[in-house]
Amino acid sequence: MKSIFAAGLLTLASCESNLDKINENPNDQASIDPKYLLTFVEKYTFQVNGDNMYASRMMIGTDGENSYQYMKWNDASFEVYTKGLLNTGKMMQEAEKRGNKNYLAIGKFLRAYHFFNISLKVGSAPYSEAAKGESGITQPKYDTQEAIMSGILSELKEANDLINTNDKIEGDIVYNGDALKWKKLINSFRLKVLITLSKKTTVGNYNIATEFTSIAGSQSLMTSIADNGELKFADAADSRYTMFNNSGYGSSLYMADYFINMFKDRHDPRLFTFAAQTTGAKEAGKAITDYTGYNGGNPTSPYSDNAALITAKNISKVNDRFYKDPTNEPASVLSYSELEFILAEATARGWISGSAKTHYDNAIKASFSFYQTYVKNPGQYFSGFDINQYLATPLVVYNNADPLQTQLEKIMTQKYMTMFHQAQWTSYYDYLRTGYPNYPLKAGVAAPFRFRYPQSEYSYNSTNLKTALAAQYGGNDNINSKPWWLQ
């Protein structure tokens, strides 16, 4: 059934060069059960994205110059408008026909999630008129980034109000139809949007800190890893881990020293689940849990220099389970661990009362629980590990009395350490807004603030695009132009 449904949906959302051009017959009123659309959009939304790990200094390539690794990326893709948002909109239309509020609520969450990520990538973007080709809008206007962020906060509030325990949710491969878990994810994601806007005081009619305080104090939030907004993989066609059988992962992907050294310095056994021993360490018969058996390459060095480490047998590959295991751990868009880091940061900033240390400790405990639950044969990595001892070590221990910047560095460092193959570009955006963790950059090369707009937009929606560029960046579509959320 999955393969039949997936094929049908790919036809429904066939990629067109025009952002909002959809199917040749706009008068076709064919109906499709929203459960099939939900499955498709969930699968599309929750996949692993590996590109961010180059930019976030977690991995390096050794077979050529990777643009993300060297901070030279170019155009964003707007495929999400057809593959994600078009199908989400159709799901919501079908839900309205059936009077099912839960599909509407989940649709609003999915819209918010995708527009949030689109806007963080480029700035202003089609929002209020997007994915409305059936209504005759084939050249949608661009909304400002502030309008988009304010709009998705309103959509998430509406989603929270709509979600209920009466309307049945079928086709749900994330929460298996559990509306209460969806409610927790929706509200937790509201907090993620607000903390991402930490450099601003207001967004639209929302006061950011006040809204955060209200949601955190009155709404249902995630309380354990069982609430994670994640996709579990299965060893079946179209359901396997995103990187399974990926030849590039097996041949040329290695660990960055910046990332790997954080774990070595803290004697953090999560390292062993991410990285493989160096060839030299394997040949020497070192134990898997010997930290000296792991080494990374410099993400700012020429790829040929890092390739030389391979010859020297002194660089760790990505753990082979990521491309040999068809399942692995689930991929999350937002986890309980990330939520606790968000609450820790909000407490440190004075947005909510309580102990930032408690949230920070809970976040780290949740991360270890996640890997001990989902990584196969966890005993070989975590045997004898004591989480309370770890939390008390000098590089990890949290002090509520420290200056804000010290607290933020602790939070962002540990949050970063939980993000390997998780939560898409979150770590990079955290770096852009807080400066932590302090990524190594090649001299004279700045970390880009954004992607450029797709060439297809210059071809099919140039008037609206150029108007947006003039208003934001003085007409320059430059990766170093600073968008509203970072100003």
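Helices, at least four residues long, are DSSP runs numbered from the N terminus. With that in hand, we can walk through this predicted model.

Start with helix H15, residues 336-348. H15 has 13 residues. Its first and last C-alpha atoms are 18 Å apart, close to the 18 Å expected at 1.5 Å a residue. Is H15 enclosed or open? Because 13 of its 13 residues are buried, H15 is largely enclosed by the rest of the structure. After H15 comes glycine 350, with a positive phi near 85°.

Helix H19, residues 404-417, is one of the neighbours of H15. H19 has 14 residues, so at 1.5 Å a residue it should span 20 Å. H19 is mostly covered, with 10 of its 14 residues buried. Among them are Leu408, Ile411, Met412, Tyr416 and Met417. Gln407, Lys410, Thr413, Gln414 and Lys415 are buried too. What do these buried residues pack against? Their partners are helices H10, H11, H15, H16, H18 and H20.

Now turn to a pair of packed helices. Two packed helices are described by the angle between their axes and the distance between the axes. Take helix H4, residues 80-98, and helix H5, residues 101-122. Their axes come within 9 Å and cross at roughly 160°. An angle over 145 degrees counts as roughly antiparallel, so H4 is roughly antiparallel to H5. The crossing of H4 and H5 is left-handed. On the H4 side, the contact includes Val80, Tyr81, Leu85, Met91 and Ala95. On the H5 side, it includes Tyr103, Leu104, Ile106, His114 and Phe115. By class, this contact of H4 with H5 has 12 nonpolar, 4 polar and 3 charged residues.

H5 has another partner, helix H6, residues 145-162. Here the axes come within 8 Å and cross at roughly 160°. H5 and H6 are therefore roughly antiparallel to each other. Their crossing is left-handed. H5 brings Ala105, Phe109, Ala112, Phe116 and Leu120, among others, to this contact. H6 brings residues including Ile148, Met149, Ile152, Leu156 and Leu162. The residues of the contact of H5 with H6 divide into 13 nonpolar, 3 polar and 5 charged. Leu104 is listed in the contact with H4 and in the contact with H6.

Next, look at single residues. Serine 332 lies in strand E8, residues 331-334. Its relative accessibility is 9%, so serine 332 counts as buried. Which residues does serine 332 contact, leaving aside neighbours within four places in sequence? They are Gly229, Glu230, Gln422 and Ala423.

Alanine 276 sits in the loop between H11 and helix H12. At 14% relative accessibility, alanine 276 counts as buried. Not counting residues up to four places away in sequence, alanine 276 touches Lys282, Tyr294, Ser316, Lys317, Val318 and Asn319. Alanine 276 and isoleucine 288 are 12 residues apart along the chain, and their C-alpha atoms are separated by 8.4 Å.

Is glutamine 389 buried or exposed? Its place is in helix H18. At 57% relative accessibility, glutamine 389 counts as exposed. Glutamine 389 and tyrosine 206 are 183 residues apart in sequence, and their C-alpha atoms are 41 Å apart in space.

Finally, check the backbone. Most residues other than glycine have a negative phi, and most peptide bonds are trans. Alanine 131 is not a glycine, yet its phi is positive, about 55°. Alanine 131 lies in the loop between strands E2 and E3. At 25% relative accessibility, alanine 131 counts as partly exposed. Asparagine 176 also has a positive phi, near 55°. Asparagine 176 is found in the loop between H6 and helix H7. Asparagine 176 is exposed, with a relative accessible area of 70%. Where is there a cis peptide bond? One joins tyrosine 436 and proline 437, with omega about -10°. Proline 437 belongs to the loop between H20 and helix H21.

Methods: Residues numbered from 1 in each chain as written. Predicted model: local features only at pLDDT ≥ 70, side-chain atom pairs only at ≥ 80, totals over all residues. Heavy atoms only, no water. Helix = DSSP H or I, 4+ residues; strand = E, 2+ residues; numbered from the N terminus. Buried < 20%, exposed > 50% of the residue type's maximum accessible area, 1.4 Å probe, protein only. Contact = heavy atoms within 4.5 Å. Expected span 1.5 Å × (residues − 1). Axes fitted to C-alpha atoms, helices over the stretch in contact; angles between N-to-C directions. Parallel < 35°, antiparallel > 145°, perpendicular 65-115°, else oblique. Left-handed = near helix turned anticlockwise from the far one by under 90°. Nonpolar A, V, L, I, M, F, W, Y, C, P; charged D, E, K, R; others polar.
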